[in-house]
There are 4 protein chains.
Amino acid sequence: MEKLYFASDYQEGMCEEILECLQKTNRIPTSGYGTDEYSEQAREKIRVLCDAPDAEIHFLSGGTQANKTVIASILRDYQGVIAADTGHVSLHEAGAIEYTGHKVLTIPGERGKLSADALDQYVSMFYADGNHEHMVQPGMVYISQPTEYGTLYSRQELVQLREVCDKWKLPLYVDGARLAYALACRENDVTLKDLAHYCDVFYIGGTKCGAMIGEAVVIVNRELVPHFFTSVKQHGALLAKGRLLGISFNTLFTDGLYETLGKHALELAEQIKQALRTNNWKFYFEAPTNQIFVVVDNETLKKLDQNVVYSFWEPYDETHTVIRFATSWATPQEDVDALIELIRQYKR
Amino acid sequence: MEKLYFASDYQEGMCEEILECLQKTNRIPTSGYGTDEYSEQAREKIRVLCDAPDAEIHFLSGGTQANKTVIASILRDYQGVIAADTGHVSLHEAGAIEYTGHKVLTIPGERGKLSADALDQYVSMFYADGNHEHMVQPGMVYISQPTEYGTLYSRQELVQLREVCDKWKLPLYVDGARLAYALACRENDVTLKDLAHYCDVFYIGGTKCGAMIGEAVVIVNRELVPHFFTSVKQHGALLAKGRLLGISFNTLFTDGLYETLGKHALELAEQIKQALRTNNWKFYFEAPTNQIFVVVDNETLKKLDQNVVYSFWEPYDETHTVIRFATSWATPQEDVDALIELIRQYKR
Amino acid sequence: MEKLYFASDYQEGMCEEILECLQKTNRIPTSGYGTDEYSEQAREKIRVLCDAPDAEIHFLSGGTQANKTVIASILRDYQGVIAADTGHVSLHEAGAIEYTGHKVLTIPGERGKLSADALDQYVSMFYADGNHEHMVQPGMVYISQPTEYGTLYSRQELVQLREVCDKWKLPLYVDGARLAYALACRENDVTLKDLAHYCDVFYIGGTKCGAMIGEAVVIVNRELVPHFFTSVKQHGALLAKGRLLGISFNTLFTDGLYETLGKHALELAEQIKQALRTNNWKFYFEAPTNQIFVVVDNETLKKLDQNVVYSFWEPYDETHTVIRFATSWATPQEDVDALIELIRQYKR
Amino acid sequence: MEKLYFASDYQEGMCEEILECLQKTNRIPTSGYGTDEYSEQAREKIRVLCDAPDAEIHFLSGGTQANKTVIASILRDYQGVIAADTGHVSLHEAGAIEYTGHKVLTIPGERGKLSADALDQYVSMFYADGNHEHMVQPGMVYISQPTEYGTLYSRQELVQLREVCDKWKLPLYVDGARLAYALACRENDVTLKDLAHYCDVFYIGGTKCGAMIGEAVVIVNRELVPHFFTSVKQHGALLAKGRLLGISFNTLFTDGLYETLGKHALELAEQIKQALRTNNWKFYFEAPTNQIFVVVDNETLKKLDQNVVYSFWEPYDETHTVIRFATSWATPQEDVDALIELIRQYKR
């Protein structure tokens, strides 16, 4: 039996529609650096979907790159970015934010989420501290939708965060690396239009959502980041062949493909979660999107290893481990069936 | 008549062999971040071609990104990088090097080339200056092959630069953004093996040489840049889907494709140069690779504009302009024929 | 009644011996940038006291400046500095370390101290994490002696930290902003020679210990920070009139003045602590050096405000506050007597 | 015979008036970080002299420090600072500006001066370049008064620079490290009020003009650099004992002392220049302030070496050298007399 891959949502190539478009357009010459017509069409479609006719849109090639370029462009030197302690920028970007000179100011999150109250309290305490001029000033807020734990902010939670941001004059930035898996989720009530309405900048993830590669940075508050094109270049993030990213996003935002791909992953994830429940596996916690966190005893894990590629998450206790299964736009139904069969086999 | 595109070597998609391989492998899951088998195979092929079995190889997605990540990783804080004043790092990377905290120390180049003598004199004068501890220490040397002007270093010139580098203990780094067009050139006597022998680090360009995107950074002197993987991540330059770059380079270095693509561009460039000579057009200067610099009077330029997309280079005088035609792996013979017809039409 | 100043140890000018020396030498011309004879003499005295004949010594003008220059010079780009979460570099330097591109990796401290066990566990867990190449590598360890809470590392604790540092190849750096108040302390068994023996770099604080201004950075492991002079210049930390710092340290290390000044502060601190105990004031915790942390109810605080200038530390609960009294080389006995009188007056 | 020191204007301690004030105030406790009353008095005096009642004033401890903190605070990430190629920031600050992430954009100066025409042409050409969004945007202008060559901008030249700055929306910053020697100069027509009127930020030099140490940064355009205090801290440039700088500047700006000190240096410089002229020594060029550049044959230089400490400037030709004599607030008349005697002795 071939191994079953549930390790991540970036383990396959790209959705076939993009591949086809790459082929069709391959020999058509275009201008570089994102000035091509495919990129322009993609931008226009995103603007319409976001109901943000004046938004500035740039295509970058990866999430860490998008985060560091956006964050460094928003902040002044004496400012830092507030994030949940589990935020991708806090932990797993090798100090990319600090490398641009800025501190990540962490607040304990709840399953990856930053609450409006915790944020308000943090900033209040900062300004109440008589020595705050000796400390890094909070300059913006970073959240991710869905979070690194697959959880979602509700529309109301987003509105509340926005209110606290307005109170303290903090720009709000949303990392949407897996946004397709939020938008397609039944529990979700935050639309692209909401993101455009309540955030200053956000990015729509491509790499993990069926694009070849690429993330679409949507700048709603344009005065906040003048000359972002030059910053993108300065960060080494400007692709000469911007067309590749343009083609990816133009395809993803034609005929609702982006949400279709997200829905596929979520349906398969639901089947797996159902099987886990039925067979009494222990969830680390339940999250509504395409990432599934389970606590497995290490004996079972060894058996699982023979057939499944999953993500190690963290040790749970001496004899158990937290692992992650991720479905994606590319996950085949038969792999899910086979995984469910294994879940039954190792029922608790 | 459709326009003829001679603006650059990154205006089309990718060579068909890579497209095919993308299709064939599209649904095969792999691990991320360059640990996939395609990347591993590509690395092995490059090691063999370079006769550098211990070289460490990383695939990055663009030239500025490769330059800033390598240069910042080699230098200590108090050091700068020496480059010709026309070097890409000196001018057209939006301060990407300075953004990492390092000064670019420029020396006047000759048609893009840095001479061993000029280098030796520069460094000698630095250390002769009684105040040199108040100044940025030269910490490495950056050259490009071919240069931004399409010129080539000979093997002997490379050896001489290496000797000066050894004299002053300066690592040597070569930017090979257009390396295919050097390797395939009749006038060229610098092989991949020579680069691996005489440089500490160099990169083999993909973006401008037929790959989808990507540059292969070859680290021969591994002690110089420990933990380069982490640095790549920190610079936002690590692709989750490293497989895409692996597939590109694995294909380019199978059956000599990289040189074949280069040769195609050079043959067509030769046809154009021949036509320019025959019809008395004025070269800005003659360079042996795929970039052709000509001086055109502004009247002719207006007519040319109707049919040809070229690169504006710089004003020559009040009534003339320097422009660049570039051929590439993708240039069709019929476009060259049509361009030559125009060259005849506007003969001097 | 004039106010009593116990706010900090940098509220007066400088010890009279230095003032006298400034006067005597004022019109003698010297060379700049720390190459003067006073600086050279001070270096030599420090080398002897540290039993470190090969140590390189630089005089900088402040603690944050010393910390950022040393830390940035030791670390490679992909590395961060480990510190207790209460470390001065973690909180109160306005992101000075991050501004140099490096993350501060915090470990919960115990009353300001970092334990060898906690350090070992942190680094072990880092290397045990399969994704550690995506994270900032621990590159050095920062501690302070005495700590920001006035506590002291014992010689044995220092040796244990060194062992963990050796195990993980981590340089050890000690911030000695208030070192005089450690060296003169009865509870202390860590000498200058120990610091030179067990650390790679440390600094001997002047600003808070009776110097005009200045911190003496002692580099024992010289290979670790080549060309530190240039780094000092690059950080804007090189004084043209280095003589001023040289005169300060040359005086402080003549006839044991540095310890004499420390002893003065500690004796007065002991008198105050005794009075606090006798009169049942509540210590936040007891620390052996010149900083005294007490918990005061807010009613008493209001009365105290009329006569005493102290440091606000943090709220304790709704009705109490933690405040700090600091004695210094300059504190007059009569001010201590007056403070003790107030302590009696507001006895619990 | 003792050696005659004409090497620089920072080779002695400080003017006696400051020393006296240090003594008188030594044991008076003050609050730290520049919030003391001496600093406040100094600020108020400078505001009055500059006719800039709303200016924000910070005291930093050195020129490189002031330059890097101001420049990094004004610029956005994608911008660089324009300076003459001989500007102190371009050459002799060990890459301090680049270390903050910004490129120094150099324009050839004329004897250290940047002309309004050259500036206008440079910026015009930048915006005319079709690729300028790939390049570092000019973000501000740096000049020094007097320049590194002792030359002066006239009021009209300053006005013209301001006009070009306004045209391109560029803040103008003046480095006044030796400002006393400009203000006291007969040829000078640029007052403190003019600087405050035509610049956005400038600094009044103390270190080279009789202060102990220190430079007074005057921020006229306050919106340009919000939270400068935090930036000063972040750059490691905030002195705990800000009182020392406050005392220096409060004294210098009482009873016109700053100009008196400058005048002393200029009168002695005039005597030396007169002697050089009379005895046919060759000026490298004549500058109106306290720095005197002469071309000396190497034979004479050897003899001079026995009696005089001067600054080596640069080789002139195989047999001649350019050297610099500097007078200062501290130069004794008898040393000038002795130097003049030597000038006569070695007359041409």
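In chain A, helix 6 passes helix 7 in a right-handed crossing, meaning that the near helix is turned clockwise from the far one by less than a right angle. This is a predicted model, in which local features need pLDDT of at least 70, side-chain atom pairs count only at pLDDT 80 or more, and totals for chains, interfaces and linings use all residues. Residues are numbered from 1 along each chain as its sequence is written, chains are lettered from A in the order in which they are written, and side-chain values use heavy atoms, leaving out hydrogens and water.

**Exercise 1.** Work out how helix 6 and helix 7 of chain A are oriented to each other.

*Step 1.* Find residues 116-128 for helix 6 and residues 155-168 for helix 7, both in chain A. Helices here are DSSP runs (H or I, at least four residues), numbered from the N terminus.

*Step 2.* Their axes, lines fitted to C-alpha atoms over the stretch in contact, come within 9 Å and cross at roughly 15°.

*Step 3.* The two helices are therefore roughly parallel to each other, a term for angles under 35 degrees.

*Step 4.* Look at the contacts (heavy atoms within 4.5 Å): the residues that meet include L119(A) and V123(A) from helix 6, and L161(A) and V164(A) from helix 7.

**Exercise 2.** Find out how many disulfides the structure has, and why C15(B) forms none.

*Step 1.* A search over all chains for disulfides (cysteine sulfur atoms within 2.5 Å) finds zero.

*Step 2.* For C15(B), the closest cysteine sulfur is in C21(B), 10 Å away, so it is too far for a bond.

*Step 3.* Likewise, the sulfur of C21(C) lies 10 Å from its closest cysteine sulfur, in C15(C), too far for a bond.

Definitions and conventions:
Axes are lines fitted to C-alpha atoms, for helices over the stretch in contact, and angles run from 0 to 180 degrees between N-to-C directions. Angles under 35 degrees count as roughly parallel, over 145 as roughly antiparallel, 65 to 115 as roughly perpendicular and the rest as oblique.
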